[in-house]
Amino acid sequence: MSSTSKIAIGSILVGLVVLALKTLAWRVTGSVALMSDALESIVNVATAIAALAAIRVAQRPADPGHPYGHHKAEFFSAVLEGVLIISAALLILREAWFAFQSPRVIADVGLGMAINIGAGILNAGWCWVLLRQGQRLRSPALLADGRHLLSDVVSSGGVLLGLGLATSTGWAILDPLLAMLVGVNILWSGWKVMTTSLSGLMDEAVPDTTLAVIRDIISDKASGALEAHDLRTRHAGAVTFIDFHLVVDGQTTVADAHDICDRVESSLKARLPDAQITIHVEPEHKAKHAGVLVI
């Protein structure tokens with residue numbers, strides 16, 4: 001089992017524990033704000049399961065029906081996560097509106113807050129793991145899960161602070177108001193997760209910093225060629241796709257041109273291990289005098 005799958009399974013287990021704790025905190029107090037926190041944890045569990053399924057699909061090798069692999073499956077999971085987060089936010093706003101119209105007295109606030117603090121600490125620790133490992137493994141599903149948990153941690157902190165104020169002031173109306181703020185924050189988080197994932201589905205190019213690295217490697221390692229043009233990149237999960245045209249002198253043999261391509265590919269893969277590279281060799285009259293000049 002891959003490291004990414006193991007982390008995804010860990011997310012499910014952590015999500016179930018946090019859900020149980022936050023549900024207990026809500027049942028103890030009857031707080032709508034704590035209920036909104038528990039509802040978001042249900043989404044955490046659902047999205048963690050979807051992320052695991054997507055990761056397992058993304059790791060399948062290429063086949064005749066999917067010659068470029070299944071890497072984009074993780075982006076679909078992240079989009080689904082965004083949709084579920086937004087759905088949970090709308091449900092929270094609905095419940096908060098009803099509670100706003102009829103504020104309730106909160107019971108056993110101290111115990112409920114203590115339970116929620118424990119759940120928040122667990123969430124914060126796992127959020128750090130997801131963001132760190134998601135970046136290292138270049139997994140859109142893990143990163144989306146981590147960003148969602150970060151929003152959850154912030155929301156939980158706001159809920160706890162607000163509940164403390166509601167208890168000390170006796171203003172029961174603060175409870176549904178806090179739930180509304182949590183709902184708005186979750187709504188924004190879901191929108192960000194979804195739009196970030198959609199960019200991957202639309203074959204967005206690699207970041208400018210990565211593109212600069214690719215250009216520098218081609219310029220440095222393609223000695224014997226004249227230029228590289230029509231450089232295109234895209235990313236799908238952990239894989240970076242790179243293709244470009246490499247112009248060589250018309251007298252260059254096929255074997256020599258192949259050696260140049262091998263040298264460039266090995267250098268690119270040393271920097272981007274999961275890169276898939278396609279190089280189209282052209283004679284010098286095809287030069288565009290633009291793109292990457294070979295040093």
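## Charges and basis of the model

Lys and Arg count here as positive and Asp and Glu as negative, while His and the chain ends are not counted, and the place of a charge is taken as NZ of Lys, CZ of Arg, CG of Asp or CD of Glu. On that basis the mean positions of the 22 positive and 26 negative charges of the protein chain lie 6 Å apart.

The model is predicted, with local features requiring pLDDT of at least 70 and side-chain atom pairs counting only at pLDDT 80 or more, whereas totals for chains, interfaces and linings use all residues. Residues are numbered from 1 along each chain as its sequence is written, and side-chain values use heavy atoms, with hydrogens and water left out.

## Overall architecture

The protein chain has 8 helices and 4 strands, where helices (H or I, at least four residues) and strands (E, at least two) are DSSP runs numbered from the N terminus. In order from the N terminus, these elements read α-α-α-α-α-α-α-β-β-α-β-β. The radius of gyration, taken over C-alpha atoms, is 25 Å, well over the 19 Å that the globule rule gives for 295 residues, so the protein chain is more spread out than a compact globule; the rule itself is 2.2 Å times the number of residues to the power 0.38. The C-alpha trace spans about 85 × 35 × 30 Å along its principal axes.

## Surface and contacts

Of the 295 residues, 46% count as buried, that is, under 20% relative accessible area, as against over 50% for exposed and in between for partly exposed (1.4 Å probe, protein chains only). Among contacts (heavy atoms within 4.5 Å) between residues at least 6 apart in sequence, 76% join residues at least 24 apart.

His229 is found in strand β1, which covers residues 225–236, and counts as buried at 2% relative accessibility. Its side chain makes a polar contact of 3.1 Å with that of Glu282; such a contact is a pair of N or O atoms within 3.5 Å, of which, within protein, one must be able to donate a hydrogen and the other to accept it, and residues adjacent in sequence count only if both atoms are side-chain atoms.

Asp230, also in strand β1, has a positive phi of about 55 degrees although it is not a glycine, and at 35% relative accessibility Asp230 counts as partly exposed.

## Helix α5: Ser156

Ser156 lies in helix α5, residues 140–169, and is buried at 3% relative accessibility. A polar contact of 3.0 Å links the side chains of Ser156 and Lys22.
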